[in-house]
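Please look through the structure below with this report beside it. The sections take up one topic at a time.

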Amino acid sequence: MMLDAPAPAESRPLALRDVPVPEPGPGEVLLEVRANGICRTDLHVVEGELTEPRLPLIPGHQIIGTVVGAGPGVTGVAAGDRVGVPWLGGTDGACMYCRAGRENLCEHPTFTGYQRDGGYAEYATARADFVLPVPGGYPDLEAAPLLCAGLIGYRALRMTEIAGLEPPEADVPPRLGLYGFGASAHIVIQIARHLGHEVYVCTRGTEGQEFARELGAEWAGSGEDRPPVPLDAAIIFAPSGELVPAALAAVRPGGTVVCAGIHMSPIPEFGYDLLWGERVVRSVANLTRNDGREFLAMAPRIKVHTSVRQFGLEEANEALIELKAGRLRGAAVLVP
Ligand SMILES: [Zn+2]
Ligand SMILES: [Zn+2]
């Protein structure tokens with residue numbers, strides 16, 4: 001499914017097209033795509049909010065695939081291996097960020113389904129040193145959303161800095177707010193619950209709120225509602241800037257608000273009193289391979305379960321429209 005030019009999802013900008021099976025270059029593997037999870041970032045690429053796609057482009061960066069070929073110089077993976085391909089498709093390995101172990105901030109990155117073709121296809125290539133091991137026990141369909149929704153959610157949860165800390169009072173568990181309840185949040189709530197956090201969810205639509213309660217949310221309301229207790233931290237998944245002051249108003253002094261999306265509408269002006277009290281606002285950008293290995297090892301241990309809705313490859317436009325409208329429960333996954 002190929003994008004020639006960004007356009008609103010409703011205009012169905014992705015076209016089903018027959019193209020040659022890609023050739024793996026040096027250090028690359030060829031994968032037969034078994035499933036590809038759809039991410040909100042895909043929507044931002046397709047609709048042009050992310051402005052540097054290589055065009056024409058095959059989107060998709062939550063690929064579960066089988067290795068069926070390799071270019072020269074590939075080590076560590078073999079034909080028949082089931083691997084995952086995340087958003088971070090490659091780095092220069094040389095800039096100050098890469099050398100400092102912060103390859104998520106690399107100065108010369110290539111992103112899957114953005115600067116290189118991704119998983120809305122039957123075949124894809126990937127740098128062999130950037131593919132991730134997929135935990136056994138997860139069918140392809142349920143493994144796919146772990147690769148970005150899960151990974152970025154996990155990184156965002158770590159950035160709240162409450163994950164490993166003692167609760168403020170011995171008998172009060174850490175309280176985490178989640179703004180937006182899509183693919184990522186439905187995984188994060190499971191990790192947070194496993195860690196003993198109380199989770200408060202603000203999301204549009206009663207169905208999403210109901211889903212959050214089913215997954216163990218203490219409370220669920222809309223974005224305008226204020227959670228009934230002060231939060232220790234909040235993660236914003238929904239791409240709307242108004243949620244930043246709303247989340248700041250909901251966290252206690254010293255609390256952190258993490259913006260987990262790659263794109264957000266402008267943040268409205270707000271009074272300094274919302275930031276005062278050593279509250280912190282920060283973003284989470286991309287992932288490191290280490291995040292990937294850590295999270296994918298942890299997911300089966302704490303029995304993360306993903307709720308998925310399957311779409312055929314040719315239904316990619318419909319899947320994006322459903323995502324945009326907030327009609328998905330969990331994650332959408334394309335299966336060629
Ligand atoms: Zn770098
Ligand atoms: Zn993503």
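## Zinc site

Cys98 is buried in this predicted model, because its relative accessible area is 15%, where buried means under 20% relative accessible area, exposed over 50% and partly exposed in between, with a 1.4 Å probe and protein chains only. Asp92, at 29% relative accessibility, counts as partly exposed. Asp92 (OD), Cys95 (SG), Cys98 (SG) and Cys106 (SG) coordinate the zinc ion (ligand 1) at 2.0 to 2.3 Å; donors are N, O and S atoms within 2.8 Å of the metal (3.2 Å for Na, K and Ca), and water is not among the atoms, so sites may look incomplete.

The 4 donor atoms subtend angles of 95 to 119 degrees at the zinc ion (ligand 1), which makes the arrangement tetrahedral, a term that requires all angles of four donors to lie between 85 and 135 degrees.

## Salt bridges

The whole structure holds 19 salt bridges, each a side-chain nitrogen of Lys or Arg within 4 Å of a carboxyl oxygen of Asp or Glu. Glu28 and Arg116 form one of them, at 3.1 Å from N to O, and both Glu28 and Arg116 are buried. Lys324 pairs with Glu10 at 3.0 Å, N to O, and with Glu47, where the closest N and O atoms are 2.7 Å apart.

## Basis of the model

Residues are numbered from 1 along each chain as its sequence is written, while chains are lettered from A and ligands numbered from 1 in the order in which they are written. In this predicted model local features need pLDDT of at least 70 and side-chain atom pairs count only at pLDDT 80 or more, whereas totals for chains, interfaces and linings use all residues, and side-chain values use heavy atoms, with hydrogens and water left out.

Notes: Four donors count as tetrahedral if all angles lie between 85 and 135 degrees; four count as square planar and six as octahedral if opposite donors are over 155 degrees apart and all others between 65 and 115; anything else is irregular.
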